[in-house]
Amino acid sequence: MTKKIAIYPGSFDPITNGHIDLIKRASRLFDEVIIGITQNSKKSAFLTIEERIQLSEEILKEIDNVKVLSFGTLLVDFAQAQNAQVILRGLRAVSDFEYEFQLSGMNKHLNANIETLFMTPAEQYANISSSLVREILALGGDVSHFVPKPVETLLKSRL
């Protein structure tokens, strides 16, 4: 029987409670969930790839079927190299759908064997994004409700 593997890609700059919620839920649906951390070429990173990997591994260590990797290739090429059949994407709001739908179609064109699965966050995480967390922090706000303690500690040390 083929192992069901999903890739959850993103910059995770930083990883948030919303990401973690989706990862935990996905870990119950798949034999393995790979967190694929990449540098978004359209954004300048706040945390290094190494910091994002280390934080993610620390926070997710209790979930046995989750592993964290980085990649710098096309997502479908990374997914194929990991023997993944599914790309997970989170949809926080209707506004996310159009962009994600375009990505899904392009990925399907590039590799018809890999499916995209959209998941919505639990209601309490629907408005959390990494960029909002960084902005709140930069303006002196409290981010403790949006990120795990290790992330909050690292972010505060950056200010």
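Helices (H or I, at least four residues) and strands (E, at least two) are DSSP runs, numbered from the N terminus.

## Basis of the model

This is a predicted model, in which local features need pLDDT of at least 70, side-chain atom pairs count only at pLDDT 80 or more, and totals for chains, interfaces and linings use all residues. Residues are numbered from 1 along each chain as its sequence is written, and side-chain values use heavy atoms, with hydrogens and water left out.

## The loop between β1 and α1

F12 lies in the loop between β1 and α1. Although F12 is not a glycine, its phi is positive, at about 50°. With a relative accessible area of 3%, F12 is buried (buried means under 20% relative accessible area, exposed over 50%, and partly exposed in between, with a 1.4 Å probe and protein chains only). P14 is found in the loop between β1 (5–10) and α1, and the peptide bond that joins D13 to P14 is cis, with omega near 5°.

Helix α1 (residues 17–27) is largely enclosed by the rest of the structure, because nine of its 11 residues are buried. Among them are H19, D21 and S27.

## Aromatic pairs

The structure holds four aromatic pairs. Y8 and F12 have ring centres 5.2 Å apart and planes at 85°, so this pair is edge-to-face. Rings of Phe, Tyr and Trp (its six-membered ring) pair if their centres lie within 6.5 Å; planes under 30 degrees apart count as stacked, over 60 as edge-to-face and the rest as tilted. Both Y8 and F12 are buried. Elsewhere, ring pairs link F97, F101 and F118 into a cluster.

## Packing of α2 and α6

Two packed helices are described by the angle between their axes and the distance between the axes. For helix α2 (residues 49–60) and helix α6 (residues 149–158), the axes come within 10 Å and cross at roughly 150°. Axes are lines fitted to C-alpha atoms, for helices over the stretch in contact, and angles run from 0 to 180 degrees between N-to-C directions. The helices α2 and α6 are therefore roughly antiparallel (angles under 35 degrees count as roughly parallel, over 145 as roughly antiparallel, 65 to 115 as roughly perpendicular and the rest as oblique). On the α2 side, E51, L55, E58 and I59 meet P150, V151, L154 and R158 of α6. The residues of this contact of α2 with α6 divide into five nonpolar, no polar and three charged; Ala, Val, Leu, Ile, Met, Phe, Trp, Tyr, Cys and Pro count as nonpolar, Asp, Glu, Lys and Arg as charged, and the others, Gly among them, as polar.

Helix α6 also contains K149 and E152. K149 is exposed, with a relative accessible area of 56%, whereas E152 is buried, at 5%. Leaving aside neighbours within four places in sequence, E152 is in contact (heavy atoms within 4.5 Å) with D142, V143, S144 and V147.

N83 is found in the loop between α3 and β4. N83 has a positive phi of about 60° although it is not a glycine, and it counts as exposed at 56% relative accessibility. Q85 is in the loop between α3 (75–81) and β4 (86–90), and its side chain reaches the backbone nitrogen of I5 at 2.7 Å.

I87 lies in strand β4 and counts as buried at 1% relative accessibility.

Note on methods
A polar contact is a pair of N or O atoms within 3.5 Å; within protein, one must be able to donate a hydrogen and the other to accept it, and residues adjacent in sequence count only if both atoms are side-chain atoms.
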